[in-house]
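This report describes one structure for a reader who has not seen it before. The sequence and the structure come next.

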Amino acid sequence: MAKDSEKVLSPEYISRLRILLSNIIKEQIPNFIYDDLNTDVIANLFLYYTGQVSDYNLRKGIWLMGGNGAGKTSLLQIFSEFGKRRYDGFKIFDCSKVANDYAINGDLDVYTYNQNGYSRRAVDMAFDELGRETIPANHFGQKLNVMQHILHIRYNLWRTEGVQTYITTNCDADEIHALYDSPNDRFISDRIREMYNIIHLGGESRRK
Ligand SMILES: Nc1ncnc2c1ncn2[C@@H]1O[C@H](COP(=O)(O)OP(=O)(O)O)[C@@H](O)[C@H]1O
Ligand SMILES: [Mg+2]
């Protein structure tokens, strides 16, 4: 997403952006509750996605972890829409669907280098529900840990081109290690800490 990359925004412009965000939240979840569990996260994500100084490092991506129903996917959708109304936003892909896509088509270009896409270059994107997908996915006998593969390539794209990745997951650090690292290393886990702002969204499920 084209951010305002650390540009100083006028107070008037910032207050217009705040109104836009609160309207999007109202549209998406009319009975949205702001509480101690999400208020700081929303405030920091607002600053992050508008390129302002916050608790989060603007150079890094977002890794949103927390229990089932805590509101992770909702926040991603809200900020995806926020981006879309301003510039071009970012797409959200469900990790289970990504793994199924590989099983059927054997191709992950759209999630990585995007050579066959309109822009022919990698783009910022979000992956929802990391850890929920089938591991390994099986494309006619060709087995692949799809999200491990994608996380690895997107790390390289982040290093070389600054392309951002946004993740939600119910998994804690041990589960991520078990799913995506080899038994004897922390290849993916170490890169996660380097590449992402790690955000814990606490609380019980908000599902009714
Ligand atoms: N702050 C909130 N106030 C009220 N309802 C919410 C809030 N955040 C999320 N929800 C609702 O709670 C449910 C679970 O949210 P979701 O974002 O799917 O959680 P997660 O992705 O963490 O499992 C959804 O029905 C969503 O609309
Ligand atoms: Mg979710």
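The structure is a predicted model, in which local features need pLDDT of at least 70 and side-chain atom pairs count only at pLDDT 80 or more, while totals for chains, interfaces and linings use all residues. Residues are numbered from 1 along each chain as its sequence is written, and chains are lettered from A and ligands numbered from 1 in the order in which they are written. Helices (H or I, at least four residues) and strands (E, at least two) are DSSP runs, numbered from the N terminus.

**Helix 4**

Helix 4 spans residues 95–105, and Cys-95, Val-98, Ala-99 and Tyr-102 in it are buried (20 or more other C-beta atoms within 10 Å of a residue's own; exposed means 12 or fewer, partly exposed in between, with C-beta atoms placed from the backbone). These residues cover an arc of only 95° around the axis, so they lie on the same side of helix 4. The arc is that of the directions from the helix axis to the C-beta atoms. On the face turned away from the buried side, helix 4 carries the exposed residues Ile-104 and Asn-105.

The elements below are among those that cover the buried residues of helix 4; here contact means C-beta atoms, placed from the backbone, within 7 Å.

| Covering element | Residues |
|---|---|
| Strand 3 | 125–130 |
| Strand 4 | 137–139 |
| Strand 5 | 142–144 |
| Helix 5 | 146–161 |

Strand 2 is also part of this cover.

An open sheet is formed by 5 strands in the order 2-3-6-1-7, with parallel pairing. Two strands pair if DSSP finds at least two bridges between them. Strand 2 (91–94) and strand 7 (196–201) stand at the edges with a single partner strand each, so one side of each has no neighbour in the sheet. Strand 1 (residues 61–66) is joined to strand 7 by 6 bridges, and the two run parallel. Within this pair, Gly-66 stands opposite Leu-201.

**Ligand 1**

Around ligand 1 there are 16 residues, the closest being Gly-71, Lys-72, Thr-73, Ser-74 and Arg-206; a residue is near a molecule or strand if its C-beta atom, placed from the backbone, lies within 6 Å of it. Helix 3 (residues 72–86) gives the most to this shell, with 3 residues.

**Arg-193**

Arg-193 belongs to helix 7 (residues 187–195). Arg-193 is exposed, because 12 other C-beta atoms lie within 10 Å.

Conventions. Contact = placed C-beta atoms within 7 Å.
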